[in-house]
Amino acid sequence: WEFMPTSMTAENWTRVSEFILLSFSSLPTEIQSLLFLTFLTIYLVTLMGNSLIILVTLADPMLHSPMYFFLRNLSFLEIGFNLVIVPKMLGTLIAQDTTISFTGCAAQMYFFFFFGVAECFLLATMAYDRYVAICSPLHYPVLMNQRTRAKLAAASWFPGFPVATIQTTWLFSFPFCATNKVNHFFCDSPPVLRLVCADTAQFEIYAIVGTILVVMIPCLLILCSYTRIAAAILKIPSAKGKHKAFSTCSSHLLVVSLFYVSSSLTYFRPKSNNSPESKKLLSLSYTVVTPMLNPIIYSLRNNEVKNALSRTFHKALALRSHIL
């Protein structure tokens with residue numbers, strides 16, 4: 001964990017009304033322009049891809065199963081996650097609009113925590129759904145009925161509220177130093193905490209313990225689910241049956257791996273001599289790249305989604321021809 005708060009006397013404290021996001025300002029203008037075009041493309045692909053997943057899984061009756069209900073939740077979450085981070089980052093790159101108000105910074109951090117925590121628990125819920133589907137296929141429709149899936153979805157989203165509320169409120173109740181420059185492209189906790197002029201030991205302990213619990217509890221649930229899934233798949237006599245069972249989990253496994261590996265490398269690596277720019281680039285993997293890859297992974301690796309996309313496309317073309 002890389003918190004490095006600054007200790008100063010009360011005379012040096014100041015009331016901060018806004019922050020300056022340094023973003024990628026140390027890079028040449030040409031590189032910033034290239035980053036803007038790259039991130040804008042990724043942003044648009046993310047919004048379109050996840051929106052398409054939501055629309056197709058709602059419109060196609062073949063995709064009204066619990067798995068696609070949770071996939072819709074994941075796509076909605078990824079859209080929200082991107083809206084919190086990317087538009088402001090694009091503004092800092094192209095318009096050099098680096099200032100963000102005190103309230104805006106707190107709101108950005110709040111929703112970053114909220115969506116991040118929700119994604120951890122939603123991925124665990126999706127793993128449980130795959131466990132029930134493979135290990136208890138005959139009871140799956142009963143065990144994962146509409147009421148149950150709604151409760152599981154609510155349970156996935158709810159932990160984000162207390163975690164985000166406590167951590168954001170506590171952090172922004174501290175006094176800040178004379179500097180208001182956040183060395184990041186969004187208001188993440190570690191770079192903002194470095195600007196605090198107070199003893200943050202208790203907050204750091206809470207943040208570390210909270211992060212470990214938020215990450216490890218869903219991670220253990222995922223590992224437990226997939227351990228049982230693997231045991232069930234190994235008992236299937238035919239190779240075709242094993243492949244079919246595994247294929248229903250492969251997309252989720254890939255999404256889980258991308259999310260946990262990228263976030264763990266960011267928040268759980270030891271203090272290093274890596275430059276701030278390299279740390280920012282690493283943060284991009286889970287804030288920008290992973291939300292774009294999720295709909296692509298589920299679309300390319302899932303025949304049901306591909307077939308539904310094809311059916312929806314042909315229906316749209318037929319409707320357009322009929323109108324014309």
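## Cysteines and a buried glutamate in a predicted model

Author: In this predicted model, the sulfur of cysteine 120 lies 9.0 Å from the closest cysteine sulfur, which belongs to cysteine 219, and that is too far for a bond.

Reader: Is cysteine 120 buried or exposed?

Author: Buried means under 20% relative accessible area. Cysteine 120 has a relative accessibility of 4%, so this residue counts as buried.

Reader: Which cysteine sulfur is nearest to that of cysteine 224?

Author: Cysteine 224 takes part in no disulfide. At 42% relative accessibility, cysteine 224 counts as partly exposed. Its nearest cysteine sulfur is 10.0 Å away and belongs to cysteine 135.

Reader: Which cysteine does a disulfide join to cysteine 105?

Author: The structure holds one disulfide. Its two sulfurs are 2.0 Å apart, and the partner of cysteine 105 is cysteine 187.

Reader: How many residues apart are cysteine 105 and cysteine 187?

Author: Cysteine 105 sits in helix α3 (residues 102-135), while cysteine 187 sits in the loop between β3 (181-182) and α7 (189-193).

Reader: Why is the disulfide of cysteine 105 and cysteine 187 left-handed?

Author: The handedness follows from the torsion about the S-S bond of cysteine 105 and cysteine 187. That torsion is about -120 degrees.

Reader: With which residues is glutamate 78 in contact, leaving aside its neighbours within four places in sequence?

Author: Glutamate 78 belongs to helix α2 (residues 66-94). Its relative accessibility is 1%, so glutamate 78 counts as buried. Its contacts beyond those neighbours are Asn50, Glu119, Pro291 and Asn294.

Key
Residues numbered from 1 in each chain as written. Predicted model: local features only at pLDDT ≥ 70, side-chain atom pairs only at ≥ 80, totals over all residues. Heavy atoms only, no water. Helix = DSSP H or I, 4+ residues; strand = E, 2+ residues; numbered from the N terminus. Buried < 20%, exposed > 50% of the residue type's maximum accessible area, 1.4 Å probe, protein only. Contact = heavy atoms within 4.5 Å. Disulfide = S-S within 2.5 Å.
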